[in-house]
Amino acid sequence: MLAPKPMSRVLIVASRDQAEPIIGELYREHLFHIEDYVDQGREGYEGFKIGTPLTGATEASQELVKVRAIENVFSVRGEDIDAKQKLSAPEIQKKIESDLPGIEKEVEDLAGARSKLDTKVKEYEQKIAELVPFKDVPVDLALLRGYAHFSVLAGYVPKEVTLSVPHEIETIKGKERLFVLVVVAAKDRAQAERELQEAQFQSIAVPEENGTATVRTAYYTEQIASLKKEIGEINAKLAAIKESHVDLLVTCEEAFRARIEQTEAPLRFATTAKVFVAEGWVPAERIAELSAALDKVTGGKVFVSEQPVDTAHDNVPVEYNNPDFAKPSQLLMDVYSRPTYTEVDPTLVLAIMFPIFFGVIVGDVGYGLLMLALCAGLWKFMKGDEARQFLKVLRNSSIMTIIFGVLFSEFLGFELPWAPLIYSRHLNIGVTEASGHGAAIAELLIVSVWVGILYVTLGRVLGMVNHARQDHGDHRVKAVLANLGWIMVMWGILFGIWSMFPIPLMPNMTAMPIVAAGLSVGIVLAIVCIVLGVIFIARDAVLEVIEIPTIISHVLSYTRLTAVGLSSVAIAMVINYMSIGMFINPGLKDLSIAGIVMIIVGVLIFLVGHVFNLALGMLDGGLHSIRLHYVEFFTKFYKGGGRKYNPFGMKRKFTED
Amino acid sequence: MADAVMTMEMIQASQVGMKAIGAGLAVGLTGVGTGVAEMGIGAAAVGAIAENKDFFGLGLLFTVIPETIVIFGLVIALLLLF
């Protein structure tokens with residue numbers, strides 16, 4: 001908790017003939033994060049070389065490409081498909097040999113035929129487009145070309161033209177411009193073209209067709225229809241193949257992928273003529289298990305040793321170490337940046353506080369239930385690991401929204417039958433006379449400021465822990481003290497404010513005894529804290545002193561918990577007032593046609609308004625909650641940039657060893 | 001105006017109106033400020049994300065930093081109104 005999983009650096013050495021069983025076992029265990037061996041390529045160096053792939057790598061790659069091509073045709077992906085049954089390796093091998101080639105051939109042929117038909121359809125559509133200008137020309141298009149002594153010019157002009165050379169002209173009026181067909185003697189062609197050019201003539205080639213444009217267009221349209229029908233038939237055939245073989249395809253893909261990854265693993269090892277060395281990372285608690293398993297498959301012909309870890313220089317891969325309920329929040333951490341190995345991992349804080357912030361902001365039973373329903377609906381469609389994590393975060397947030405909705409006594413902006421159990425957020429919207437309690441805005445704002453104070457303090461404390469862990473020598477003391485300095489400046493400012501103004505829900509220090517020069521204990525305490533704090537900060541980095549006002553802005557930034565929440569309540573109440581108060585109630589009083597129309601409009605406003613407010617609430621709730629962590633909290637202590645622990649192997653979904 | 005003399009109710013009503021105008025200005029102007037500030041950041045962030053998707057988290061963070069301005073406006077508006 002609050003720290004990544006402890007890792008150990010492991011060295012595996014064995015003779016090359018043991019490579020295959022060892023790689024197989026490592027792949028199965030899915031524990032070993034391989035550290036790639038980099039060949040320095042120094043001249044005269046005759047030590048380790050990069051290994052060569054095991055046999056079968058090329059074949060597996062070729063097969064994988066083919067399988068993926070078919071999957072592309074069907075546009076399926078393994079992650080979108082639920083595994084019906086897991087096949088064992090020999091079963092898959094049998095299927096790969098017996099069924100796969102047939103399917104590949106069939107799909108390839110059908111896809112090829114389909115793309116040929118597609119090209120033809122495109123070609124015909126092009127021809128139809130070329131015929132469009134000639135659709136009102138009543139003559140056979142064959143008559144418009146092939147003369148020795150005449151030239152035919154066709155095209156658009158903006159307005160009527162007259163030519164000086166002898167000619168015959170047919171003008172067809174269009175919407176914006178005219179289509180002209182001009183026949184001139186071949187010798188006058190150049191002159192005619194020049195004159196037409198001056199009249200902004202846009203020339204169009206006469207299509208190479210026999211028959212009138214209308215007839216030809218009808219012919220091509222018919223052709224396209226029949227081609228489309230053929231394509232439809234092919235699609236139906238492909239769909240049938242997809243239906244019956246999709247499971248096999250994704251299974252094969254997984255099998256080939258596993259085989260390729262295994263056969264190519266030696267490319268990441270250091271090898272000599274006889275021996276190979278694999279270096280990597282394993283969670284400390286699993287080393288014994290891995291080493292025993294390797295011993296078993298090789299009959300003891302392997303040397304596994306644990307190496308000392310130098311956390312300052314080794315880039316240790318990071319695996320989260322969180323209780324189950326906090327795991328979905330790792331997604332939010334990864335969006336920012338994975339923690340480094342030596343750093344405090346704030347996932348737990350995020351996992352607990354993100355849904356609470358979200359709940360405080362939205363805080364409405366109705367919206368919470370809708371979000372929960374949305375979550376359940378999306379569960380079926382979103383299948384990837386990350387999507388599922390996201391949905392779990394959303395689920396937790398919706399549950400907190402419902403809980404805070406109960407506490408705030410809110411349901412789609414209406415009041416629930418009980419009075420708010422904590423501070424009220426009910427605004428007096430749509431009521432002409434203030435009915436008893438309004439919203440306790442000052443209290444809510446002060447509570448959110450308290451949240452800010454605690455968060456900023458916690459952030460700085462974690463900053464002290466991080467610097468104490470990561471830094472060395474003189475800098476370590478300075479950095480830790482600087483963080484302490486930030487805390488002291490903040491509390492100093494608070495003491496000062498409390499000594500001067502009494503604020504509800506905060507300590508009142510205005511009545512403290514006066515010590516000297518009219519200054520009370522509180523003020524003196526404030527001055528001491530601020531001055532000491534500034535000194536501590538300046539000792540670490542002088543320029544940081546100009547950042548001191550951010551203390552105030554960061555703490556006040558937490559008031560958004562109240563402000564954004566109230567704006568969402570206000571929108572909900574306005575929607576209710578508009579739909580019910582302004583349309584539905586007057587409509588119900590007078591049930592004429594106008595009244596019924598008013599009721600319908602009111603219901604529409606209600607539905608559209610609340611959907612809009614729900615979307616806004618989810619966006620606001622999520623973005624502001626995460627931002628309060630990212631900007632105001634993480635910047636105090638968190639750097640991130642850790643390397644993901646990515647063990648060799650895969651989560652098998654369709655296959656088993 | 002038919003009657004130049006203002007009654008007490010009229011004065012109170014106009015004060016409520018002034019408050020509402022003030023609240024509106026607070027949210028509206030800070031909103032514009034936030035928008036102007038986020039415009040440049042957002043455009044740059046989207047560009048960076050197009051280059052490298054890992055930048056998403058950081059890009060989002062930078063983009064929402066000026067959001068604080070409009071939140072302050074909203075807080076002021078709420079304090080004014082209620």
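This is a predicted model: local features need pLDDT of at least 70, side-chain atom pairs count only at pLDDT 80 or more; totals for chains, interfaces and linings use all residues.

Colleague: Great. How many residues of chain B are in contact with chain A?

Modeller: On the chain B side there are 16, and they touch 21 residues of chain A.

Colleague: And what area is buried between chain B and chain A?

Modeller: About 1,600 Å², with carbon and sulfur atoms giving 82% of that.

Colleague: Which elements of chain B give two or more residues to that side?

Modeller: Those are α2 (56–64) and α3 (67–81) of chain B. The biggest share comes from α3(B), which gives eight residues.

Colleague: How do the residues on that side of chain B divide by type?

Modeller: There are 13 nonpolar, two polar and one charged.

Colleague: OK, how many salt bridges are there across the interface of chain B and chain A?

Modeller: The rule finds zero. For polar contacts between chain B and chain A, the count is three residue pairs, with both residues at pLDDT 80 or more.

Colleague: Switching topic: which residues make the nonpolar surface patch of chain A?

Modeller: Among them are A:Met512, A:Val515, A:Leu519, A:Ile527 and A:Ile535, and the patch covers about 740 Å².

Colleague: Which helix gives the most to that nonpolar patch?

Modeller: Helix α14 of chain A, residues 521–540, with seven residues.

Colleague: And where does A:Val524 sit?

Modeller: A:Val524 is in that helix, α14 of chain A, and A:Val524 is also one of the patch residues.

Key
Residues are numbered from 1 along each chain as its sequence is written. Chains are lettered from A and ligands numbered from 1 in the order in which they are written. Side-chain values use heavy atoms; hydrogens and water are left out. Contact means heavy atoms within 4.5 Å. Buried area is the accessible area (1.4 Å probe) that two parts lose on being put together, summed over both. A salt bridge is a side-chain nitrogen of Lys or Arg within 4 Å of a carboxyl oxygen of Asp or Glu. A polar contact is a pair of N or O atoms within 3.5 Å; within protein, one must be able to donate a hydrogen and the other to accept it, and residues adjacent in sequence count only if both atoms are side-chain atoms. Helices (H or I, at least four residues) and strands (E, at least two) are DSSP runs, numbered from the N terminus. Ala, Val, Leu, Ile, Met, Phe, Trp, Tyr, Cys and Pro count as nonpolar, Asp, Glu, Lys and Arg as charged, and the others, Gly among them, as polar. Patches are made of residues with over 30% relative accessible area and no salt bridge: like charges are joined within 9 Å, nonpolar side chains (Val, Leu, Ile, Met, Phe, Trp, Tyr) within 5 Å. Accessible areas come from the Shrake-Rupley method with a 1.4 Å probe; for residues, only the protein chains shown count as cover.
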